[in-house]
Amino acid sequence: MDSTADLARNGQETPLRWCPSGDASRPESVVLGVRSGDDGQVVYLAEPVPAADVLGAIPEGIAPNRVLRFASHCVSDCANRVGEACGLIERITTVPAGTVPAAVPRCHLRPHCKWWNQTGVEACHRCPALTTLEPRDDELAVLVADPATTREQLESWVAAAQ
């Protein structure tokens, strides 16, 4: 990652933020990690690899985000964007975490990560378990992934499930 800056609307330089659940097809996209094991947890790479360098190696018929986790620029036209904030990480952190590891994983994205910048360590604890594929048989995952879902709807779903 570099420390590229973009100009904010007020003319001040602000650091460019990266989305850890990014679009593999964006030109700046990098591989953040590899999905591993039965639970599909992300194992983070020590250094970023340009997505364009690996996309051709994924067999036809396999969605790239099924085996890899990508990061790309956080963009203003993202469906999850709520003003300057990421609505996705807000929804994710609304849902109670399972077992929270004591330490966060090493991650080259962290200094530039939108989620880290917005919610801190809470995002890092949950990040390895997140997927960009929406499991249609998991109602909670579908709700979290839907930009139209409100925090109140998630809290109500969680309360009803307990």
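Here is a short chat about a sheet, a helix and some cysteines in this predicted model. Local features need pLDDT of at least 70 and side-chain atom pairs count only at pLDDT 80 or more, while totals for chains, interfaces and linings use all residues. Residues are numbered from 1 along each chain as its sequence is written, and side-chain values use heavy atoms, with hydrogens and water left out.

Student: What is the order of the strands in the open sheet of four strands?

Tutor: Strands here are DSSP runs (E, at least two residues) and helices are too (H or I, at least four), numbered from the N terminus. Two strands pair if DSSP finds at least two bridges between them. The pairing in this sheet is antiparallel, and the order is 3-6-4-5.

Student: Which strands stand at the edges?

Tutor: Look for strands with a single partner, because one side of each is then left without a neighbour in the sheet. Those are strand 3 (18-19) and strand 5 (41-50).

Student: How many bridges join strand 4 to strand 6?

Tutor: Let's take some pairs. Gly33 has Arg69 as its bridge partner in strand 6, and Val31 stands opposite Phe70. Strand 4 and strand 6 (residues 68-73) run antiparallel, and the number of bridges joining them is four.

Student: And which residue in strand 6 is the bridge partner of Trp18?

Tutor: Strand 3 also runs antiparallel to strand 6, with two bridges joining them. For Trp18, the partner in strand 6 is His73.

Student: Is Ser36 buried, partly exposed or exposed?

Tutor: Buried means under 20% relative accessible area, exposed over 50%, and partly exposed in between (1.4 Å probe, protein chains only). Ser36 is found in strand 4 (residues 30-36). Its relative accessible area is 35%, so Ser36 is partly exposed.

Student: How many of the eight residues of helix 3 are buried?

Tutor: Helix 3 covers residues 87-94 and is largely enclosed by the rest of the structure. Among its buried residues are Leu88, Ile89 and Arg91.

Student: What about Cys124: which cysteine has the nearest sulfur?

Tutor: By the disulfide rule, the count comes to zero. Cys124 is in no disulfide, and the nearest cysteine sulfur is 6.3 Å away, in Cys113.

Technical notes
A disulfide is a pair of cysteine sulfur atoms within 2.5 Å.
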